[in-house]
Amino acid sequence: MKPVVETVNLKKTYMLGKVPVHALRGVNLKVYPGDFIAVLGPSGSGKSTLLNLIGALDKPTEGEVIIDGIDISTLNEDQLAELRRKIGFVFQFFNLIPRLSALENVELPLAIAGVSRSERRKRAIELLEIVGLEDRMKHKPTELSGGEQQRVAIARALVNNPRYLLMDEPTGNIDSKTAAEIMKLVKKLNEEEGVTIILVTHNQFVANQAKRVVYIVDGVLKEENT
Amino acid sequence: MKLTDAFSYAFGAVRLRKLRAALTTLGVVIGIAAIVALLSLGQGFQNAITVQLQRGFAVDTLIVTPRSEMGMGTIEPGFYLLVNDTEQIINNVPEVKTVVAVIQRAGYIKAGNISEMVTIIGVNFTEYMKIYSTFSAEMGKIPLNPSNDTVILGARVADPWENDTLICGINDSVELLWTVRENHIPVNVSYTFYVAVILEEIGGFGFGGPSDRSVYIPISTAVDLFGEKCDQIIVQLKDSKEETINTASEKIRELFGDQVSVISSTAILNTVETVFSTVKIFLAGIAGISLLVAGIGIMNIMIVSVMERTREIGILKALGAKNRTIMLIFISEAVLIGLIGSTLGIGFGILMARVFSRFGFAGFGGRSGMEATGTTAMTIAPVLTPITLIGALTFGVLVSVLFGLYPAWRAAKLKPVEALRYE
């Protein structure tokens, strides 16, 4: 089976002023369809950098990120943007557009992709039903709880039928009880809907929900099968 | 992203910051309102003046005057047009139908104890009537063989207060006074005339033709009193075709060895129109500056908006928005501001033009401005052409977009990772 995303000796160096910061020092990772991988590491370990790279939000300094068989460093900005439509993002701070309703937020990736109004409405409602928010569709993010906002964000991430879902500390900003509910939903999506998930966290409990956990320390991966 | 989606997305963003959007839009409103008001008033003013000019005009006439100051050494000093020169013109230029010599002096009229400043004009009444239909009697009858002491009064001379209180009646005697220099000493001269006719009101500037603030005496009397030199010769042509006007003008110029200038009424109208076009462009330019300021306001506020919404831009990019989609969204905001601003601006501009035309030009249209040439109150109706309106709208939107380009480009160029990290 071909991996949906693969990194080969991936390196990323930032310049912090004049000081180079080696965020990633040669990461090799293969993610196959149906995987649920947790990348566990302390802050500053390079896990967000890794997520940005496999989310095609950034380009590597060295090495390769191969998404669906394509090396992303060969793509221009427009092609990267189109590639991102095949990737679902879930952020720690939800990153919903505050002035749009839950429904409109979920519709947004489809609107960007140029899908017709009626089609995207249908699809967005479907997704909101899956995450259990069918009766909160008209609410603005400020009128929703943290858990509900994250559900909207998950629905938004899935609305384009992405190849995989990238989650950056998805429970980092919500209470533990709600976090458990969110993780239940994430697990369900992986097991029942077959969504491929890559999750980044520093929380052992969250990581334990995944099928596979990899540790990242100082920009290097250490694998451990659970 | 589809254009309509980009637009409705932009609309949502603009609506969120109502006060800011309103203030930004206000700049465009003021700029466009100024342009519309000034252009429509300028056009209205031009139309009013053209109408005034045309009243005093006959389109088939030429005015011949000695070309004194303008010459480049070709003019003999002491060249004058004489009253008899009319015969030369009528004999040598076949296009000519009628010729009238005009002698004019500034002077006063005295009736009882009322004294007024007037222009005293000596003409052949019969010929003058043929050329200018406005030279017609309100009271009395224009005499075909006037006696030497006959005078015809312009409407405003007879009725200076514009309330039908005449300074004198028909057959009453009036005194005409003027100043001559004897050995460099100014001396007042006065003669008694008898009023034969009071003219109908003419209006207009009386440019070349009869005017309400003049008095008319027979040409023979004028020659006796002022001499043979005449100030202008008015020529009526057989038709008003441009070709006829040009040929006749050229022939008359040649006839007097290029020492006269020949002005056609049409040429004057054209000149006035040219002058007004320039004035209008100038006015629009001034108004354009205010729109420029509005444009800078748009740019300023949009740069702030881009900074504030950096994170949002990052989100959009993470969700697959291309650079041009981001650009489209921000330009849509500028278009929106431009459209709303221009539409409101056109409305306010029309309103302003109406208000100004009623109050702002009252003094101008009244007695102060053109009293000497004798004009009645001039009304300026602002003229709004579809071209002005469409032009203003286009211009407003264009300026908004132009100044929105740079902020939009900045937004589009943001790196997704950095934008998402922005607090």
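Me: How do helix H5 (residues 146-158) of chain A and helix H6 (residues 176-192) of chain A pack?

Reply: Their axes are 10 Å apart and the packing angle is about 20 degrees. Axes here are lines fitted to C-alpha atoms, for helices over the stretch in contact, and angles run from 0 to 180 degrees between N-to-C directions. Helices (H or I, at least four residues) and strands (E, at least two) are DSSP runs, numbered from the N terminus. The model is predicted: local features need pLDDT of at least 70, side-chain atom pairs count only at pLDDT 80 or more, and totals for chains, interfaces and linings use all residues. Residues are numbered from 1 along each chain as its sequence is written, while chains are lettered from A and ligands numbered from 1 in the order in which they are written.

Me: Why is H5(A) called roughly parallel to H6(A)?

Reply: The angle is about 20 degrees. Angles under 35 degrees count as roughly parallel, over 145 as roughly antiparallel, 65 to 115 as roughly perpendicular and the rest as oblique. H5(A) is therefore roughly parallel to H6(A).

Me: What is the handedness of the crossing of H5(A) and H6(A), and which residues make the contact?

Reply: The crossing is right-handed; a crossing is left-handed if the near helix is turned anticlockwise from the far one by less than a right angle, and right-handed if clockwise. H5(A) contributes A:Gly146, A:Gly147, A:Gln150, A:Arg151 and A:Ile154, and H6(A) contributes A:Thr178, A:Glu181, A:Ile182 and A:Leu185. Contact requires that the C-beta atoms of two residues, placed from the backbone, lie within 7 Å.

Me: What makes four residues of the contact of H5(A) with H6(A) polar?

Reply: Ala, Val, Leu, Ile, Met, Phe, Trp, Tyr, Cys and Pro count as nonpolar, Asp, Glu, Lys and Arg as charged, and the others, Gly among them, as polar. By that scheme the contact holds three nonpolar, four polar and two charged residues.

Me: Why are H3(A) and H5(A) described as roughly parallel?

Reply: Helix H3 (residues 102-112) of chain A packs on H5(A) at about 30 degrees, with the axes 7 Å apart. This angle falls under the 35 degrees limit, so the pair is roughly parallel. Their crossing is right-handed. A:Ala102, A:Asn105, A:Val106, A:Leu108 and A:Pro109 of H3(A) meet A:Val152, A:Ala155 and A:Arg156 of H5(A). Six of these residues are nonpolar, one is polar and one is charged.

Me: What makes H8(B) roughly parallel to H12(B)?

Reply: The axes of helix H8 (residues 265-308) and helix H12 (residues 386-413) of chain B come within 8 Å and cross at roughly 20 degrees. An angle under 35 degrees meets the criterion, so H8(B) is roughly parallel to H12(B). H8(B) passes H12(B) in a right-handed crossing. Among the H8(B) residues involved are B:Leu291, B:Met299 and B:Val306, and the H12(B) side includes B:Phe403, B:Tyr406 and B:Arg410. The contact divides into 14 nonpolar, three polar and one charged.

Me: How many residues does each chain give to the contact between chains B and A?

Reply: Chain B gives 18 residues and chain A gives 19. On the chain B side, helix H1 (3-16), helix H9 (310-318), helix H10 (323-359) and helix H13 (416-421) each give two or more residues. H9(B) supplies the largest share, five residues. The chain B side divides into nine nonpolar, four polar and five charged.

Me: Why is B:Ile329 called buried?

Reply: A residue is buried if 20 or more other C-beta atoms lie within 10 Å of its own, exposed if 12 or fewer, and partly exposed in between, with C-beta atoms placed from the backbone. B:Ile329 has 25 such neighbours, so it counts as buried. B:Ile329 lies in helix H10 of chain B. Not counting residues up to four places away in sequence, B:Ile329 touches B:Ala6, B:Tyr9 and B:Ala10.
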